[in-house]
Each structure stands twice: as structure tokens, then as C-alpha cells.
Amino acid sequence: MHFSTFVRSLVRFRYICLVLVASLLLSGCVDYDVGVRFDNSNRGELVQHIKLGERLTSFSGDPVYEWLNSIERRARQEEGKVRRPSKEEIIVTIPFTNAKELQTKFNGFFHPNTNQKAESVVRESASELPKVESNLLLDQNNFLLLVRNHLIYDLDLRSLALISSNGNVLANAGSILDLEFSLKTPWGARSIQRTENAPQPQKNKNQLVWKLNPGELNHIEAIFWLPSPLGIGTLLIILFVWAGIYLRYNFMPDPRIQFAAKTATTEGQ
């Protein structure tokens, strides 16, 4: 996941981290929010919002900006939209149409297989920190008019417990990284707590927001229901056909009687 890419860039520039340590008591350095938003079972968006702190950009320079640029390039490869409110901030929106597409785009976006020069430079220090692993799974069950969704998201941030270089601890990653995952659905969602240490979400209307913990294995589960456009459309067609049949045989003359009457009149003439 790109959290690790960012951290590795910090490791490569050790003097940056040393400056960051002095500023930890004042503010965080990176706000990293990832969210999944559903409109119905066949439409939704993956949203990623990253904002870099002023202290970080002041001392890190090109490597951090190249990191944001690489995210923008990958978003466009996934047919996503990108907004840059400022040089230090990026908002990525990637659409999806079903559960399979969401899984493919989400997991593919955070585990890119690219040969970009900029990313290869960042990966030079990959051996200094273990990789950050993430995986999203969405299981759906169709109940005609409604679709039951079971979302599971695992994010292993144990490698980010400390930012270090050559065995020397430089900073607590939790003080630098502010990481969140959110889920927004039309009717809200219900969080499932499998372990005591699992992140506890905050609820804001129809949205759940989990604050992710660097240095820990973050496991998120949620159940939510979505309207099924296919099921609702099928029901409307059935009701329309039934209404037509009902009106035809209860409020309109029987065509057989009309045909018999017309035939008798013709023969009489």
C-alpha cells in the first residue's frame, strides 16, 4: 500500500525525519483518508484524500510531490477523477459498478505493478522497512429487492510502528500519519467487532469512520444493505403487467364478445 511507499521515502532522507521529530508536538504531517461510498449495489466510488502538512513539504521537497503525482497517474489508469485543491493536497475518485470491480480496483490501486521510474527510486529503500499489506473483500447476497453486503478490510500496519533508519528510531509513525477508512451507504452500516483491539468506528449519519492504528493489524468488518436496481426493476415490470391484465379484464369489454357481436352484425347484413 502507498503508506509504505511514503514511509520509505522518509527513510531515504534521514535528515527529513530528524527535522520532523522536532515538530511532532505541534502537528501531524500527513492526513490520509480512504473511503468507499455506495449509491446502490451497482454504483459507487472509491475516494482517497491526502493532505500533506506544511512542515513535511518544506523539508522533503520533490520526493513527496512525486509520490502524489504517482497516485494521480494510477488513479487515471483506473478511469478515476483527480482534483488538486493545492500542490500539497490530492482528492482521487474512482468509480465502480459492482463488488468484483470494487475489489479489483481497490486492491490493484494499493498494490500497483508498475515500472515507473519515480516509484523505482522510492523502492530503493524498500529493504529497510517491511511491506504494508492490505486487502479488501466484499461478499454480496441478493434477496430480490435488497442486497446484503459483508465488507472485510485487513490492513497490516505493524511495520509502521516506528520510522527508523539503520536500526535507529527516529519517530513514532502514529504521530506523523493520521490514517482513516470510511464507509458510506444509503441506509448506514453496522460494524462487527471480531477482536477487542479492532478499531472502533465513529458514526456520522450514514457513514462509519475508522481511525487506523500504525503499528497494529487493523481488521474492519461491516454489514450493510443496499437497494437492488435489478430486483426493483423486475418487480415494477411484474406490477405493470399485472395492472394491465387487471384493467383489461375488469374495466374493458371482452374482445371475444366484441368480435362475436361484430360477426353477427356482418352476417345479418
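Guide: A residue is called buried when its relative accessible area is under 20%, exposed when that area is over 50%, and partly exposed in between. The model above is a predicted one, and the values discussed here are computed from it.

Visitor: Why is N218 called buried?

Guide: N218 has a relative accessible area of 1%, and the cut-off for buried is under 20%, so N218 counts as buried. N218 is found in strand β13, which covers residues 217–227. Leaving aside residues up to four places away in sequence, N218 touches Y153, D154, L155, L157, P199, L212 and N213.

Visitor: What makes the pair of N218 and N213 a polar contact?

Guide: A polar atom of the N218 side chain lies 2.9 Å from the backbone nitrogen of N213, and the limit for such a pair of N or O atoms is within 3.5 Å; the distance therefore falls inside the limit.

Visitor: How do you know that D156 belongs with the buried residues?

Guide: The relative accessible area of D156 is 18%, and buried means under 20%, so D156 is placed in the buried class. D156 lies in strand β6, residues 146–156, and, not counting residues up to four places away in sequence, D156 touches V132, E133, E216 and L217. The side chains of D156 and R158 are joined by a polar contact of 2.7 Å, a value that also meets the limit of within 3.5 Å.

Visitor: What makes β5 and β10 the edge strands of their sheet?

Guide: The open sheet has 4 strands in the order β5-β6-β13-β10, with antiparallel pairing. β5 (133–143) and β10 (190–191) each have a single partner strand, so one side of each is left without a neighbour in the sheet.

Visitor: Why are the phi values of E79 and K205 worth a remark?

Guide: Most residues other than glycine have a negative phi. E79, although not a glycine, has a positive phi of about 60°, and K205, likewise a residue other than glycine, has a positive phi near 60°. E79 is placed in the loop between α4 (62–77) and β3 (81–86), while K205 lies in the loop between β11 (202–204) and β12 (207–211).

Visitor: Why are E79 and K205 called exposed?

Guide: Exposed means a relative accessible area over 50%. E79 has a relative accessible area of 64%, so E79 is exposed, and K205, at 72% relative accessibility, therefore counts as exposed too.

Visitor: Why is V34 called buried?

Guide: V34 has a relative accessible area of 3%, and the cut-off is under 20%, so V34 counts as buried. V34 is in strand β1, and, apart from residues up to four places away in sequence, V34 touches L46, V47, Q48, F106, F110, E180, F181 and S182. The C-alpha atoms of V34 and W210, which are 176 residues apart along the chain, are separated by 9.9 Å.

Visitor: What makes V34 a lining residue of the second largest pocket?

Guide: A lining residue has an atom within 4 Å of a point of the pocket, and V34 is among the residues that line the second largest pocket, including also D33, H49, K184 and Q207. This pocket holds about 160 Å³ of space. The elements that give two or more residues to its lining are β1 (30–40), β2 (43–52) and β9 (177–184), and β1 gives the most, with 5 residues.

Note on methods: Residues numbered from 1 in each chain as written. Predicted model: local features only at pLDDT ≥ 70, side-chain atom pairs only at ≥ 80, totals over all residues. Heavy atoms only, no water. Buried < 20%, exposed > 50% of the residue type's maximum accessible area, 1.4 Å probe, protein only. Polar contact = N/O pair within 3.5 Å; in protein donor to acceptor, adjacent residues only side chain to side chain. Contact = heavy atoms within 4.5 Å. Pairing = 2+ DSSP bridges. 1 Å grid on protein atoms, 1.4 Å probe; cavity = no way out; pocket = protein on both sides within 12 Å on 5 of 7 lines; lining within 4 Å. Points joined across faces, edges and corners; volume = space filled by probe spheres on them.
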